[in-house]
Amino acid sequence: MTQLDGVFRREWGPVVATIARWSGDLTVAEDAVQEACAQALQTWPAEGVPANPGAWLITVARNRALDRLRRESSRPGKELAAVYEQVSASGGDAELHPVRDDELRMMFTCAHPALDRSSQLALTLRLISGLTVTEIARALLQSDAAVGQRITRAKNKIRQANIPLRVPPPDLLEERTPHVLGCIYSVFTEGYWSTGGPSAIRDELCDEGVRLAGELCALMPDNQDARALAALVLLHDSRRRTRVDEGGALIPLDEQDRSHWDRGRIARGLEQLRLAEGAPGTYLPQAVIAALHATAPTWQHTDWATICLAYDRLAAMTDSPVVRANRALAVGFRDGFGAGLAALDEVADDPRLARTNAVAPIRADLLRRAGRLEEARRWYRIALEGEGSGSEPARAFMRRRLAECAPETPNGQL
C-alpha cells in the first residue's frame, strides 16, 4: 500500500490536470481520478503496477469521466450535455497554446481573478499538486474545515459562474504569474520540509517543484521572479540527499557532508540567480540566503552578515513574523546567541505566530547553543507539544536535541 500511495501521489496532479483540460470540469476530473485510483487498488496488487501508471490512470479516469458526462447529458436541462458533445468530438486532442504543460496550464487556470488568493492557492494545491486538505491547511496556517470549505466554494464558483477551464491569452499570463509562483514554491516546500507524516522529505514534490519552476522559466524567460524562484528551489534541492541519513533521520545543515551536495544544481541555481538580478519579489532575497549556504566551503565560513542583510530585506518586504523569527537565528550566529534571543523576543508575542510553532524550536536551539540547557529542554518540550510540530523525523530530531540537553549524572554519564 505504501508503494501504491507513492505512485498515486506522484501521478495525481498530472492525471487530474489532463482530465480537467479534456473534460472541462474540475469536479468531474477529480472524481474520475479518485475512481481510477480505487480501481488501481483492486487491480494492481494482483496484476502488478503498469510500466506507465500515469497513462493507465488517465485511460481509466477518462473513461469514468466520459461515462459520467454521458449520463449527465441524457438528463433534460443538464449543461453537461454540451460538454459531453465537445469532449466526444475532440477525441482528447490537445489545444495548441504556449503553455504546454498540463499542470502549469491548470495553475494559470486556477488563478482566475474571480477567486480570492487563498481559494486559488488551496484549489491548486489540492487539484494539481495532490496535497491533502490537512497538508494544505498546515501550509496556509488554517483549519482543515476552513480549507475544505474554500476548495468546495472555489469549485462551485467556477461551475456556477461558468469560468472556462483554459489558460488565459498570453498577454494576460503576467498578472496570474504571482499565484503560479506561490503554488510552485508551496509544492516544493511541502516536499523539502514535509509538515507531517513518516518522512522528512517527499521526493516527488521536490522533483515536481523543480520541474515546474523550470517550465515557467522556459515559458517566461524574461520574468525575473520566475528566475529567482528557480534559483531558490535548485539551491535548496542541491542539499536534499544529505538532509537525511540512511534511516531517514534528519541531518542539520551544520552536520551535512558538503562534498555530497549536487554541484550541478548549485551551478544552475547560481546562473538562475544571476538572471534574476533586480527581481522585485520575495524569492530573490530567499535565493540569496540559499546561495550563501550553498557556496560556503564550511559551516564555520558561512557569511552570516550578508544572510542577515537578506533577511532584513525580506522582512521589510513581507512584514512576516516567521521571517523575523528565522532572522533571529541568523543574528545569533552573527552577533552571539544572546543577541539572537533578544531579536527573537522582539517578535515572539506576535499573534500571527500562534498557529505556526515557529518560535519554540528556534528559541530552544539558541538556548542550547548558548549553553542554557535547562531552558533549552523546556523549549524543546514546548516545540514537541506544539501544533504542527512537523513530520516524525522532525519530531525525532527534536527529541534527540532534548536528550543532548539532559544534565550529566555525577559519574559523568547522561
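Predicted model: local features only at pLDDT ≥ 70, side-chain atom pairs only at ≥ 80, totals over all residues.

Me: What makes up the secondary structure of the protein?

Reply: The protein comes to 19 helices and 0 strands. Helices (H or I, at least four residues) and strands (E, at least two) are DSSP runs, numbered from the N terminus.

Me: What does L4 touch?

Reply: L4, which sits in helix α1, touches L41, W44, P45 and V49, leaving out residues up to four places away in sequence. Contact here means heavy atoms within 4.5 Å. L4 and W44 are 40 residues apart in sequence, with their C-alpha atoms 8.6 Å apart.

Me: Which label does G247 get, and why?

Reply: G247 has a relative accessible area of 74%, so the label is exposed. G247 belongs to the loop between α11 (224-237) and α12 (263-275). Its C-alpha is 9.8 Å from that of P393, 146 residues away along the chain.

Me: And D319: why is its label what it is?

Reply: The relative accessible area of D319 is 45%, so D319 is partly exposed. D319 lies in the loop between α14 (304-318) and α15.

Me: How do you know how the span of α8 sets against the expected one?

Reply: The expected span of a helix is 1.5 Å times one less than its number of residues. Helix α8 (residues 144-160) has 17 residues and reaches 24 Å from its first C-alpha to its last, close to the expected 24 Å.

Me: Which residues of α8 are buried, and why can they be said to line one face?

Reply: They are V147, R150, I151, A154, K155 and I158. Seen down the axis of α8, they fall within an arc of 125 degrees, so they line one face of the helix. That arc is taken over the directions from the helix axis to the C-beta atoms. The buried residues pack against α2 (26-47), α6 (117-127) and α7 (133-140), while the face turned away from the buried side carries the exposed residues A145 and Q160.

Me: What about the buried residues of α16?

Reply: In helix α16 (residues 337-345), G340, L341, A343 and L344 are buried. Their arc is within 160 degrees, so they too line one face. They pack against α15 (321-335) and α17 (359-369).

Me: Where does L115 lie, and what is it in contact with?

Reply: L115 lies in the loop between α5 (102-110) and α6. Its 6% relative accessibility is why L115 counts as buried. Leaving aside neighbours within four places in sequence, L115 is in contact with C110, Q120, L123, A154, K157 and I158.

Me: What makes a set of residues a nonpolar core?

Reply: A nonpolar core is a set of buried Ala, Val, Leu, Ile, Met, Phe, Trp, Tyr and Cys residues joined through side-chain atoms within 4.5 Å. The largest one here has 126 residues, of which L123, I184 and L216 touch the most other members. Helix α1 (residues 2-23) gives this core its largest share, 10 residues.

Me: How many disulfides are there, and by which rule?

Reply: A disulfide is a pair of cysteine sulfur atoms within 2.5 Å. By this rule the count comes to 0 disulfides. As for individual cysteines, C206 is buried because its relative accessible area is 0%, and C37 counts as buried at 11%.

Technical notes: Residues numbered from 1 in each chain as written. Heavy atoms only, no water. Buried < 20%, exposed > 50% of the residue type's maximum accessible area, 1.4 Å probe, protein only.
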